[in-house]
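Please open the structure in your viewer and keep the selection tool at hand.

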Amino acid sequence: MTDRTAAPTTRWPASRTVVLLCFAAVFISYLDRSNLSVAAIPMQQELGWTESVKGLVLSSFFVGYLLLQVGSGWLTNRYGGRRVLGAAVLWWSLFTLLTPLAARYSLPALLAARIALGIGEAAVFPGSFNMLARWVRLEHRTRAVALVSSGVAMGTVIALPVTGWIIRDFGWPMAFYAFGALGFLWAMGWYPLVREGRDPAMTDPADAAPRTVPWGRLLRAPAVWAIIINHFCHNWSLYVLLAWLPSYFKSTFDVSLASAGLLSAAPWLCSFAMANAAGAWADRMLTAGMSATRVRRRLQCLGLLGGATFLSLIPLAPSAAIATVLMCGAAGALACCMAGFGANGLDIAPRYADVIWGISNTAGTIPGIVGVYVTGWLVEQTGAYTAPFLVTAAISVGGAVVYVLMGSGERQFD
């Protein structure tokens, strides 16, 4: 069994810098992808968009994001996370800055800018996982994955209100200029502080130079398919919550838009806290000698089954306050999955964790298109949110069953 213990050190480790900067990259990526959801309101008024055009603009990001997942995983594995992640942040930050110019030039130019943004952001998690495999020791990897992944929740919490304040005081173009500039500030820390290669103290052979990706073996491995399927199931719930929380609170409890936004932020704060708590808990269990398979299954089932339970109860909520508590429970439970399937690629194939994430997030992006649409269709057909929440819960239960049957934490690829 792999030794997951390490001697303590008092100096600031390079791995901590890598993890914090990867967290910042994910945080910035969610600022840059989310600000349009608020800015689209004044942009629609100024540019004369129909609702269909607005929907096209909002969804165009996922075209580039979906198409480049596997490609970004391969590029990261081939050229290293420092190069690819650094270039990706600069790329998508540039197109964030160009968004106002593109929007005022033409609709095709705006769509191209959003697709280019998606292409750049496709590399944020493969690049981060590549760096975690190179720089973070085994006994700290789960909490590192959890912290980096929690940038999703924190970016979502910050993006919506801050974008609104910027637009109110400075106009909608400034939201893109301000957030786009953050990526260039990030690069000023990334390139001087993060080195090529890996932590010289690490002896894990999987952190050595990459070799040819064994695509066939990866796609035949049941453990890889457990990650792929669970990424899809987790993201179905994630994207439904991201897209529909404000509408649910507004239509079900007739709260104001401002109140709906505030209530919708609470679950993501819980998600941030629970992701990091679950990561620390998982690493403690691993250090105590529990098998990685048991740890990943425990956290994954806690996340999906807990999320399914809370989602099933939401239609029974008699008030916005109780609904908020249940939403917080659902988002907090789902965050535990980052210590389940989220970190699992680093167990079974550290050398190819970036590629596995690219493959699984291709499946995980589909709910951003299909799941969000199906939720809206079910609400339209039934006049309530009961059906979509129950469907989402059922998908989570199915994912948990698959993970128990197929998931593994044992090393399978050298």
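How many cavities of 30 Å³ or more are there? The count comes to 4 cavities, in a model that is predicted.

**First stop: the largest cavity**

Select S149, V152, H234, L238 and M338, which lie nearest the centre of the largest cavity. Its volume is about 270 Å³, and 22 residues line it. Next, colour α8, α11, α12, α14 (320-335) and α16, each of which supplies at least two residues of this lining. Helix α11 gives the most, with 6 residues. By class, the lining of the largest cavity holds 15 nonpolar and 7 polar residues, and no charged ones.

**Second stop: the largest pocket**

Now turn to the largest pocket, with a volume of about 1,800 Å³. Select S37, L160, L242, A243 and P246: of the 45 lining residues, these are the closest to the centre of the pocket. Elements giving two or more residues to the lining include α1 (14-47), α2 (51-67) and α11 (222-253). The lining of the largest pocket comprises 29 nonpolar, 11 polar and 5 charged residues.

Finally, select α3 (residues 69-79) and α6 (residues 124-135), which pack at an angle of about 30° with their axes 8 Å apart. That angle makes α3 roughly parallel to α6. The crossing of α3 and α6 is right-handed. To view the contact, display S72, G73, T76 and N77 in α3, which meet P126, G127 and N130 in α6. The residues of this contact divide into 1 nonpolar and 6 polar, with no charged residue.

Definitions and conventions. Residues are numbered from 1 along each chain as its sequence is written. This is a predicted model: local features need pLDDT of at least 70, side-chain atom pairs count only at pLDDT 80 or more; totals for chains, interfaces and linings use all residues. Side-chain values use heavy atoms; hydrogens and water are left out. Axes are lines fitted to C-alpha atoms, for helices over the stretch in contact, and angles run from 0 to 180 degrees between N-to-C directions. Helices (H or I, at least four residues) and strands (E, at least two) are DSSP runs, numbered from the N terminus. Angles under 35 degrees count as roughly parallel, over 145 as roughly antiparallel, 65 to 115 as roughly perpendicular and the rest as oblique. A crossing is left-handed if the near helix is turned anticlockwise from the far one by less than a right angle, and right-handed if clockwise. Contact means heavy atoms within 4.5 Å. Ala, Val, Leu, Ile, Met, Phe, Trp, Tyr, Cys and Pro count as nonpolar, Asp, Glu, Lys and Arg as charged, and the others, Gly among them, as polar. On a 1 Å grid over the protein atoms alone, a cavity is a set of points where a 1.4 Å probe fits but cannot get out, and a pocket is an open set with protein on both sides within 12 Å along at least five of seven lines; lining residues have an atom within 4 Å of a point. Grid points are joined across faces, edges and corners, and a volume is the space filled by probe spheres set on the points.
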